[in-house]
Amino acid sequence: AANVHIHLPPNFSAFECVDQAVDLAARQDVCILGASNYYDFSVYAPFAERCLGRGIYPLFGLEIIALVEDLKPAGVLINDPGNPGKMYLCGKGIVRFADPTAEARSILEAIRAHDEERMRRMTALLAKIFAAGGVETGLDDTRIIERIVLRQGVDRGIVTLQERHLAQAFQEEFFQRVRPAQRRATLSRIFGRSSQADPDNHVQVQNEIRSHLMKVGKPAFVEESFVNPGQAYRLVLELGGIPCYPTLADGAFPICQYEEPLAKLVRTLEDSRIYCVEFIPLRNDREVLERYVLAFRDAGFVVTAGTEHNTLDLVAMEPACRHLAPVPARVRQIFLEGAHVIVAHQYLTLHGRVGFVDGEGRLNPDFTGREERIHYFQRLGEEIVTRKLAATHG
């Protein structure tokens, strides 16, 4: 099996460390594993080493959030069910993460600066809200970063705070300072509405902190500042990767306007020079997943899948559909094919050759059609995985 999208610490993650993620993948017979972290890739070197030591081929990627300005006022949802105009874009098979180009470094620094300022302001607002509710947490963004450094043993400079980090820190302080019998009433006072969370369940309380205080229109929300899709696309290419659209499908109800009808989405992505899509099948009903995957594959797209593991829920490493229904056999085969294509792209780009796409996002021109191109890269990727893992365990 293949899983090309997980998040590793210091990103918010179900895993406490790289070793835990890789060990779980090895025990569950995942042969290709891809990390898709936000904005810092220092963890990728130890990730690669651990993977190869356990007979797993490592893939490297990233996830970027962009804003399509003209779709926001129109209220168009893309692949974020709660924020019009907000678009996620992934990069697959990146190779220049240790020594990014000047343009890539500039975009990454701008993203980090915006995120740091937003997290600083949100933390201050949360601290005031909790204090007004009778709970002095003593938290600020610096203290939350220090917690992550202590918990995960990472360098402070590589920590990028996310909303989930904030919610976790405030939940932990809340549990330390408020006895279980008083938690529901205190949370209700803080939220200004009745809390429905199990007062002993840290995940449920974290989720309520996010939904009642941190989302759009809530008292600790701070407007996000995003790069535009062109900058996000350029960042992927500058890092040597394949631009990839993460498809939500029925992960939203109703399905986002941008993703329906399906034929329109296919044309839109082709017009944007995006030839790779990804699914997190746990969001999707089996039948919907199959419909979307087969439509993309029939159109000549590379199709991949992952699990994210960006919450504290330690789900299985092999992707499964909603309600843990198994991925259909043909779809599973397409996902593995897509992983092998990314392997081949990553390998060729690393060695200075043109991969599945070139540095401008154009399809490799050495093939007469998309099927020939995909089949070539699939076979090459499979050969690379076999040869590399045989060499490391030979």
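How many residues has helix 7, and what does it reach from its first C-alpha to its last?

1. Helix 7 (residues 202-214) has 13 residues and reaches 17 Å between those atoms, close to the 18 Å expected at 1.5 Å a residue. The expected span is 1.5 Å times one less than the number of residues. Helices (H or I, at least four residues) and strands (E, at least two) are DSSP runs, numbered from the N terminus.

2. This is a predicted model: local features need pLDDT of at least 70, side-chain atom pairs count only at pLDDT 80 or more, and totals for chains, interfaces and linings use all residues. Residues are numbered from 1 along each chain as its sequence is written, and side-chain values use heavy atoms, with hydrogens and water left out.

3. The buried residues of helix 7 (buried: under 20% relative accessible area, 1.4 Å probe, protein chains only) include V205, I209, L213 and M214. Their cover includes helix 3 (102-132), helix 5 (163-177) and helix 6 (180-191).

4. In helix 5, eleven of the 15 residues are buried, among them H165, F170, F174 and F175. These buried residues pack against helix 3, helix 4 (141-152), helix 6 and helix 7.

5. T304 lies in strand 7 (residues 302-305) and is buried, with a relative accessible area of 0%. Leaving aside neighbours within four places in sequence, T304 is in contact (heavy atoms within 4.5 Å) with residues including V4, K92, C244, F279 and I342.

Notes: Buried < 20%, exposed > 50% of the residue type's maximum accessible area, 1.4 Å probe, protein only.
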